[in-house]
2 protein chains.
Amino acid sequence: MSSPPHMMLENQICLSLYSATNALIRAYRPFLDPLDLTYPQYLVMLAIWDADNMSVTDICRATRLDTGTVTPLLKRLEAKGLIYRKRSAEDERRRVISLTESGELLRAPASKVPGQMACLNAVSIEEAKQIKLLAEKMYQNIKI
Amino acid sequence: MSSPPHMMLENQICLSLYSATNALIRAYRPFLDPLDLTYPQYLVMLAIWDADNMSVTDICRATRLDTGTVTPLLKRLEAKGLIYRKRSAEDERRRVISLTESGELLRAPASKVPGQMACLNAVSIEEAKQIKLLAEKMYQNIKI
DNA sequence: GTTATTTATATTGCGCGCAATATAATTGCC
DNA sequence: GGCAATTATATTGCGCGCAATATAAATAAC
């Protein structure tokens, strides 16, 4: 028995997005490996480089990652000596995440990654802008 | 110290794709849960419904998933009684993956999922076509 | 025909995604 | 002040992504 067209894998928008995203994250690896960062760890470090002394919730909002993802990820970053996690004095529930000196030192080499990725030339600049715009719209409209 | 613009999270195309894809897969969940399938399992079942008696390699190619992902995934599908994995007679290295009767019975309810997802209206049909096209192009151009 | 290479699948290990649940501190309400 | 509701973070458990490695069968080379 054969399936209707809407069940064919080639017609799955989500599969296209899914495999493109996974491929893109794989493409980051050669540039992130020397920094000893995974892509989600790189996202979190970008957030912290942009705004030091954030709470876990702040980092989740900035990176769009989940608490259950970020908490152990931050522990790994702390184990690498890139950040430390102190308790807030005003609110003992909050963790304040701060850069260590090595975390700060990693900023410069990490700043080269976007340029290295751009050299892949997977799509044109115009197409990249468009796909970002559409993905953003999709993300915003799906969010509950 | 502040970061240059290309290091800002808002400028990360990959983050837009990443979070949109994760959100889309989360959006599948309410429709896939009643079928007791995860999204990657749904992808593999779509491949099998489309072409029965494929090898693991065939399924990896169709779904763009990895061997290390597909092998245990197939075992879980087998444990649910949806498929079985017999050895090929001609080539003892090959596994031939076949639908069971319950696997076949799941096809009809699964065929309703794309329509249910379409009702989310996260983006217009035209935008969906475009994002699929761009994601495909990106995927093809990244592949080594 | 034996050895080397290739091919198909499986295994291991670690990090992540995420739902569900727990813990503990803060805030609101009376 | 005392108690419920809320808020911030952490924990658990399972499935997946993927690199590295292993195993074993088929094929090629000689």
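The following questions and answers concern a predicted model of two chains.

In this predicted model, local features need pLDDT of at least 70 and side-chain atom pairs count only at pLDDT 80 or more, whereas totals for chains, interfaces and linings use all residues. Residues are numbered from 1 along each chain as its sequence is written, chains are lettered from A in the order in which they are written, and side-chain values use heavy atoms, without hydrogens and water.

Student: What rotation superposes chain B on chain A?
Tutor: Superposition is by least squares on the C-alpha atoms of residues with pLDDT of at least 70 in both copies. The RMSD is 0.0 Å and the shift along the axis is 0.0 Å. The two copies are thus related as by a two-fold rotation axis. The rotation is 180°.

Student: Which C-alpha of chain B is nearest the axis?
Tutor: The axis in question is that of the rotation superposing chain B on chain A. At 3.0 Å from this axis, the nearest C-alpha in chain B is that of Ile131(B).

Student: Which residues of helix H3 of chain B are buried, and where do they lie around the axis?
Tutor: Helices (H or I, at least four residues) and strands (E, at least two) are DSSP runs numbered from the N terminus, and H3(B) spans residues 56–63. Buried means under 20% relative accessible area, exposed over 50%, and partly exposed in between, with a 1.4 Å probe and protein chains only. The buried residues are Val56(B), Ile59(B), Cys60(B) and Thr63(B). They cover an arc (directions from the helix axis to the C-beta atoms) of only 100°, which puts them on the same side of H3(B).

Student: Which residues are exposed on the other side of H3(B)?
Tutor: The buried residues of H3(B) include Val56(B) and Ile59(B). On the other side, the exposed residues are Thr57(B) and Arg61(B).

Student: How many aromatic pairs does the structure hold, over all chains?
Tutor: Rings of Phe, Tyr and Trp (its six-membered ring) pair if their centres lie within 6.5 Å; planes under 30 degrees apart count as stacked, over 60 as edge-to-face and the rest as tilted. Over all chains, the number of aromatic pairs is 8. One of them joins Tyr28(A) and Tyr42(A), with centres 5.8 Å apart and planes at 45°, so this pair is tilted. The total asked for is 8.

Student: How many residues apart in sequence are the parts tied together by Tyr28(B) and Tyr39(B)?
Tutor: The ring centres of Tyr28(B) and Tyr39(B) are 4.8 Å apart. Tyr28(B) lies in helix H1 of chain B and Tyr39(B) in helix H2 of chain B, so the parts that the pair ties together are separated in sequence by 11 residues.
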